[in-house]
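Here is a short tour of one protein model, with a look at a pair of packed helices and then at some charged side chains. Keep the structure open beside the text as you read.

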Amino acid sequence: MKKSIGVSPNIETLFGTRDENVRLLEDGLNITINLRANCIELEGAARDVARAEQVFTDFESLQRSGYPFNNGDLNSMLRVLISDPNSTLRGLADAGKQRSFGRRTVQPKSSNQRRYLEAIEKHDMVFGVGPAGTGKTYLAVAMAISALLAKRVNRIILARPAVEAGERLGFLPGTLQDKIDPYLRPLYDALYDMLDPEKVDRYLEKNVIEIAPIAFMRGRTLNDSFVILDEAQNTTSEQMKMFVTRLGFNSKAVITGDITQIDLPNARRSGLLEAIEVLKNVNGLAFVYFDEGDVVRHHLVQRIVRAYDEHKVRVAEQQMLLLGEPKSVDPNVVERPANPPEQDKTSSPETRQ
């Protein structure tokens with residue numbers, strides 16, 4: 001099927017840098033897009049051509065309404081649209097408008113990120129599990145800021161286990177705040193990225209944004225709060241149980257972690273791994289799993305994560321082969337036990353006489 005549509009103003013924004021968005025649509029929808037002198041020609045199956053036409057129609061409508069397409073947002077929305085046949089460009093843009101993230105507009109860059117945001121909106125406790133760079137922490141902070149600015153909660157509470165990645169820094173100088181700040185730096189980075197620095201400092205001073213070391217949370221009830229536990233793979237079983245039972249009225253909790261980067265000493269079992277197993281059938285909870293396709297950092301990070309995953313699979317397969325390899329048995333050789341049982345002295349001939 002072939003269809004021609006008119007060329008709208010600023011269409012180059014939709015095409016993207018070096019036509020990257022056009023190639024994305026062509027590969028994702030199995031169509032061909034040709035720019036003619038006075039029209040755009042779409043060719044492919046009727047259903048795919050209709051979806052592509054809807055993209056161009058929605059783009060023109062959003063442009064007329066003054067929707068700002070920031071750098072990378074349009075490409076991210078197109079990726080989500082391709083992976084989810086029920087989504088539209090207009091629907092994704094409107095969903096982004098409904099959330100206020102301070103001075104930034106945050107758009108999900110993959111279908112899993114979109115499910116993550118929707119899960120946080122619908123559930124009071126959400127676990128985000130996946131590799132580094134998939135936006136687990138950043139999006140959780142964005143949703144916390146959105147809830148705070150909309151006055152759905154009164155404060156944001158940030159927690160993270162004080163576990164170093166493979167090395168021991170010893171005792172850190174300063175106050176309690178000074179000691180735990182290095183561990184919470186990724187959360188601070190996200191806060192300062194979305195809010196004015198003066199506002200972040202004011203919120204921290206008034207405890208609207210509270211830094212709560214997980215070691216000192218026992219006994220607390222967190223009401224009217226948005227609580228984020230980052231790097232949850234480094235919690236112990238006792239810490240995880242303690243954290244998930246702190247939730248009070250009108251509160252949300254988001255627990256994020258990467259089960260491939262556990263830094264607990266002495267090979268203790270991760271509280272996150274146990275929680276995934278124990279809480280998987282509890283109503284009201286949501287688990288969202290990310291993979292290397294959701295990595296939004298440098299393109300090399302995606303390849304690195306995939307390489308480590310493939311290496312892990314190869315090592316596991318080699319171990320299974322070694323464990324399951326049958327021993328060669330020579331039928332002419334009779335095996336004797338290494339430690340033959342001692343003969344019962346009470347049954348010896350000397351004893352019976």
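In which hand, left or right, does helix 6 pass helix 7? The crossing is right-handed. Before going further, please bear in mind that this is a predicted model.

**The helix pair**

Two packed helices are described by the angle between their axes and the distance between the axes. Here, helix 6 covers residues 111–122 and helix 7 covers residues 136–149. Their axes cross at roughly 40 degrees and come within 11 Å. On the helix 6 side, the contact is made by Q113, Y116, L117, I120 and E121, while helix 7 brings K136, L139, A140 and M143. Sorted by class, this contact has six nonpolar residues, one polar residue and two charged ones.

**Salt bridges**

Now to the charged side chains: the whole structure holds nine salt bridges.

| Salt bridge | N to O distance | Relative accessible area |
|---|---|---|
| R160 and D230 | 3.9 Å | R160 18%; D230 3% |
| R220 and E210 | 2.8 Å | R220 25%; E210 13% |
| E277 and R269 | 3.0 Å | E277 47%; R269 46% |

Take R160 and D230, whose side chains meet in a salt bridge. R160 sits in the loop between strand 5 (155–159) and helix 8 (176–180), and D230 in the loop between strand 7 (225–229) and helix 11 (237–244), so this pair ties together parts that are 70 residues apart in sequence. Are these two partners buried or exposed? R160 is buried, and D230 counts as buried too.

The side chains of R220 and E210 also meet in a salt bridge. Because R220 lies in the loop between strand 6 (209–211) and strand 7 while E210 belongs to strand 6, the pair ties together parts that are ten residues apart in sequence. R220 is partly exposed, whereas E210 is buried. Which residues are linked with E210 in a network of salt bridges? The network links R155, E210 and R220.

Finally, look at E277 and R269, which are joined through their side chains in a salt bridge. E277 is partly exposed, and R269 is partly exposed as well.

Methods
Residues are numbered from 1 along each chain as its sequence is written. This is a predicted model: local features need pLDDT of at least 70, side-chain atom pairs count only at pLDDT 80 or more; totals for chains, interfaces and linings use all residues. Side-chain values use heavy atoms; hydrogens and water are left out. Axes are lines fitted to C-alpha atoms, for helices over the stretch in contact, and angles run from 0 to 180 degrees between N-to-C directions. Helices (H or I, at least four residues) and strands (E, at least two) are DSSP runs, numbered from the N terminus. A crossing is left-handed if the near helix is turned anticlockwise from the far one by less than a right angle, and right-handed if clockwise. Contact means heavy atoms within 4.5 Å. Ala, Val, Leu, Ile, Met, Phe, Trp, Tyr, Cys and Pro count as nonpolar, Asp, Glu, Lys and Arg as charged, and the others, Gly among them, as polar. A salt bridge is a side-chain nitrogen of Lys or Arg within 4 Å of a carboxyl oxygen of Asp or Glu. Buried means under 20% relative accessible area, exposed over 50%, partly exposed in between (1.4 Å probe, protein chains only).
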